[in-house]
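This briefing is meant to be read alongside the sequence and the coordinates.

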Amino acid sequence: MQAQAIKKRRMGKEGDSSGLKRENLGVKIVAHIVMIVAALLAIFPFIMMISSSITSEEALARYGYGLIPMEVSFDAYAYLFKAWSTIGKAYFITIATTLVGTLLHMLITTMMAFGLAWKKTPGRNIIMFLVVFTMLFNGGATATYVIYSTVFHLNNTFFGLIVPGMLMNAFGVMLFVMYFRSSVSGELMEAAELDGANMFTIYAAIYIPLALPLIATLSLSTAIGFWNDWNNSLYYISMEHQELYSIQRLLKEMQDSVDFIASNPDLGLSTENLPSASVQMAIAVIGILPILIAYPFFQKGFVAGISLGGVKE
Amino acid sequence: MEKVKEGVKSAERAERAFKAKSRRTQNGMTKWKNIIIVFAMMLPGLVYLLINNYMPLIGLSLAFKEPDMSLTNIFNSPWCGFENFEILFQSSDIWLYIRNTVLYNVAFILINLIVPVTMAILFTFVRGKIKNVYQTIILLPYLMSWVIVSYVTFALFSGENGMLNAIITNAGGERINFYGKDAIGMWPFVFIFFNTWKSTGFNFLFYYSSLLSISPSLFDAAKLDGANFWQQVRYITIPGLKTTMVTMLIMGLAGIFRSDYGLFYLLSQNSGQLYEVSQTIDTYIYNSLKGAGDLVTSSAAGILQSLIGLILVVSANLVIKKVDPDSSLF
Amino acid sequence: MKKRNLCLALTAVLMASSLVGFAACTETGKTGGTADPSKEEGDVVLSFLHAGTMQPSTKKVEAAVSAYVEEKLGFGVQFKQTNVFNCTSDYQNWLITNQEIDIINVFTGSESFITDHSARELDSLLTPEIAPYLSEVLPERPETTLYGEDGNIYGVSVFPSHMLGGYSYMVRKDVLERAGLYSETPQEGKYTEGQPIGYEDLDTIFAAIREVMPTNSAGQTVYPCSAMNGQDYMTALVPYDKLGTESYPLATLMVDPETGEWGNEVVNYYKTDAYKEYVEWMGKWNAAGYVHPDAETTSENLNDMFDSERYVGVVLQTSPELEYQWETDRMKNKEGTSLEGDLDLVMLPLSVEYSYLTNPMQSLMIPSKSKRPARAMQFIDLLYSDEYLVNLIMYGIEGEEWEFVDEERGYITEVYEGSRTNNYVIGGFWGDYDMLYAFVQYGVDAEQIIEDMERVEKESLYYEERTLSHKSPAWGFIYWADRSHTTTIRNINAQVMSRYFLTLAVGAGSKGTDGTFTGPGSTYEEFINALDNARIDSIVEDKAEQYAAWKAEQNS
């Protein structure tokens, strides 16, 4: 019996019948083809975007947007970086809001989800319903603004950028609740509680490490949300407080200004040829690149999750 | 393999230790202590829910009011019944918009359940550093705004110097107006394609991270039993992804009357000839409110969208509860 | 079970509290009536518009303005910054949360500010004591005042609001010559400067252009008909009075193309024969390939098209000065194109000149919640009558950001490099309402600008003579739609107009079963049916009623 079991094991290790190996090879090829096609489709517009941002305005007007710049010109970037100190400050604010906001968001969401995943939490179904309800019914931007502005005085404060609408949402809570419920065995939980182990310890020492891949994914999405957000900035930060501008708000203002001048040539506001279309592309590039630069750090989160979870590479 | 063995071993050790301890102490007090701790942990979330979502619910009443801005408190404005909803149903085309919204959303839900999952499964077969490159590139569409994408599609479809028309005329054919009535048949596929293109990158990551959490011992055992690739997928992978898929499904149902206004408005360049397939409830609201600073019509539409979403989510949850109680939400 | 009830109760309490919480209110009621300047206190807060980014010198200007007004009127002024692009939502947010604001510079959506009582009526403030200048000038200029449904004044506008009609097809002389269609003096079969033309003539010219200049020097197709998003041939060829403030003409008064006289009947614009003729011609020209294939969807503008030589003729307002201005503007950066050297346009009028009233484009309004309306009105009055203040607000500090170029005329200033290039220029504040203040960018030829400004003066005189003498009989009539009619109009705009208007305006619609563009089964027919379904008749009737009543009042 034992000999047979050992034999089976060894076969499994080496990759037994050639049939299985061939099948795996087939799947591998398909996987690579699919990935290459997907990657090309994904990167094609991105390349167009970058190339348009370094094309001169005249060439853009004549030939439209293309993959290769007809006439290279860095006018758009030059125009934007005239205001480099303001842009630098805005980057700082955006990085700060993204870091603080993402951290707070993940903490609040995971703790909430943990409570809802535990079978012994009283009223957890009701609370879960209340959470999901918020995903459906929204009081509206006006009412939210009134509450935050008049009751909590968040106008022109740093917290005005991260608190409204961004610190927890039903989607994240739902994801974590489902994940927590299914990923840790019931016996482990029961044993832990009977033992008298602190729930917080269980949360921190067991659930969080197990959920690292999901945490990495969701914090990426949250971080991108904070990075791209200009709604909160628009509502809560007035123009007199430029030091609290996020990068997206600042860039949008610059874009509006360029559009306005370009579309009202008879007002004689400027004699320069403002590169309005390529500025728009340059703005988009500036907005995306930092995320791409930071992305590898999130990928490390995946890797950490992988090794802790014990999945083989 | 060593790491796997270690991981499994340490988990087993922990389990045994806890079980041993549990036989020693059975303290009733700890139950309440734990409940208090858990509520303390949930407290920030609950408070945030109250402040951010429940207090502003008063905004819903605006949909039934005629706003009077000379009052100190706008929520004290006079009631006006269902007048604000009239604009939604005055037009006979509202059913066209509803049809478009729902059909597109159904297609999106289905595709967003199939495509990213498939990609995630395939991705597990990819090895090496190239994985990181793929992951980054796939994410790019998610980061691009619809405005930029609409420039790209315009460069593709433009009648004057669009890429597709250039290919067609070079091959000796007639120029096609892709934004015109003759090309209307292709647009539902265009919308679906671009929606998939944009959201797959991210959904794929979710599913991939869920995949990673499926215990490898299951796969090993299956291989030993001689299961081939398809059987592994059917009996291990899909059930393992079940919870994520259910969440995504419920999310989709909740928003079935909503749509990504940017996708439909910007990609079609709001071309009048394509209205039959490009107009959804949200674009209709936008078109009717252009330039008018109206608070109430959009909140009336929002209430309608929310109601339908609520009904669907609750029904879906009931169904799921019967089929697979573990997966249901509440 | 008990726990469940407890939680349900908790939920109910939560929701009830959120509903009750902010419905409770201490102060209610509206403000109104005559305000007393002596009882008011504090500085006037003015909303200050930027076109994008805020200028660094704004704080300084604020201080200077405040000091000056303190001297003249005894109170200071503060600016509340906002952006042209989101000013409407900013105003709403400020008003909803009861922030201090006394004057709002409303850019779009001024009607909604009146119907939801955001704005205060101003009649009681336009007294000689509070507003010496405006109380005299405003009554004679209905085109510069924003009226509400009740006939009260709600805003003082910045730009005059009459629409000047009368358009010409301005085509490049060199192209006409090449086509053998130009002559210095009136000649059979040829065209000369200022010669009125019709559909047939346009057809001839388009065909000729297509023949002699099918492509430009870069190999791109030249499109003789410049109809596109933003270049509306329709207004030029089917003149009308919109009779209101809607975005699209719906129920209008028509100009008879033969006689050039105004009609008396309020009609559905799209059912008129004039419009049908337009659709037919446009459809033919589009089918012949004279119209840009992306006319409906492109985001390029007229200037780009003309500069890159894809258009050789455009439709502009009839005015020799405007023609000259367009020529000089397009002459810049012309190397490498066939426009290098001289550009001369030939102006061929398409319709008679006329004018009608529409919504004042940008108004200063005083919110109902303002605590010092009289002081606000005093400031507005000063703004309209004091040259020093106007220059201060628009350009900044004299000597630091600008200087007079023409002291005598006073309104031509040179702005230094980097200052106030992004500030939103507000014209017509001082002196003559039709004057748009010009300022010279640093380093630009001031002589040239003075020449241009003289031309602008001539232009306004031209309009005075030609168009204002052809005023619409509805001059001064304001149409006010009640709630259900507003809904109908909105519906029409959202569903029907945004779907069909542009398509038909560029002639891209499909033909009907009888081969015409207005026949059965055509896009035009769909359009008319859609309009009927959306109940355009109720608008036509309502407007006709109000117009008749207003006319009766005028005559009595």
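A residue is counted as buried here if 20 or more other C-beta atoms lie within 10 Å of its own. By that criterion, buried residues make up 42% of the 330 residues in chain B. The model is a predicted one, and the points below should be read with that in mind.

**Fold and dimensions of chain B**

- Chain B contains 14 helices and zero strands, so that its elements, read from the N terminus on, run α-α-α-α-α-α-α-α-α-α-α-α-α-α.
- The radius of gyration of chain B is 26 Å, whereas a compact globule of 330 residues would have one near 20 Å.
- Along the principal axes, the C-alpha atoms of chain B fill a box of roughly 75 × 65 × 35 Å.

**The side of chain C that touches chain B**

- In the interface between the two chains, 48 residues of chain C are in contact with 44 residues of chain B.
- On the side of chain C that touches chain B, the elements giving two or more residues are α1 (2-21), α3 (87-96) and α15 (483-505) of chain C, and of these α15(C) gives the most, with 12 residues.
- By class, this side of chain C is made up of 25 polar, 14 nonpolar and nine charged residues.

**Packing of α8 and α10 in chain B**

- Helix α8 (residues 187-212) of chain B and helix α10 (residues 229-254) of chain B have axes that come within 9 Å and cross at roughly 125 degrees; α8(B) and α10(B) are therefore oblique to each other, and their crossing is right-handed.
- On the α8(B) side the contact is made by B:F206, B:Y207, B:S210 and B:L211, and on the α10(B) side by B:T237, B:G240, B:L241 and B:T244.
- The residues of this contact divide into four nonpolar, four polar and no charged.

**Packing of α15 and α17 in chain C**

- Helix α15(C), which also contributes to the side touching chain B, packs with helix α17 (residues 536-555) of chain C at an angle of about 130 degrees, their axes being 9 Å apart.
- That angle makes α15(C) oblique to α17(C), and α15(C) passes α17(C) in a left-handed crossing.
- The contact is made by C:H485, C:T488, C:I489 and C:I492 of α15(C), together with C:I536, C:S538, C:I539 and C:D542 of α17(C), and its residues divide into four nonpolar, three polar and one charged.

Key
Residues are numbered from 1 along each chain as its sequence is written. Chains are lettered from A and ligands numbered from 1 in the order in which they are written. This is a predicted model: local features need pLDDT of at least 70, side-chain atom pairs count only at pLDDT 80 or more; totals for chains, interfaces and linings use all residues. Helices (H or I, at least four residues) and strands (E, at least two) are DSSP runs, numbered from the N terminus. The radius of gyration is taken over C-alpha atoms; the globule rule is 2.2 Å times the number of residues to the power 0.38. A residue is buried if 20 or more other C-beta atoms lie within 10 Å of its own, exposed if 12 or fewer, and partly exposed in between; C-beta atoms are placed from the backbone. Two residues are in contact if their C-beta atoms, placed from the backbone, lie within 7 Å. Ala, Val, Leu, Ile, Met, Phe, Trp, Tyr, Cys and Pro count as nonpolar, Asp, Glu, Lys and Arg as charged, and the others, Gly among them, as polar. Axes are lines fitted to C-alpha atoms, for helices over the stretch in contact, and angles run from 0 to 180 degrees between N-to-C directions. Angles under 35 degrees count as roughly parallel, over 145 as roughly antiparallel, 65 to 115 as roughly perpendicular and the rest as oblique. A crossing is left-handed if the near helix is turned anticlockwise from the far one by less than a right angle, and right-handed if clockwise.
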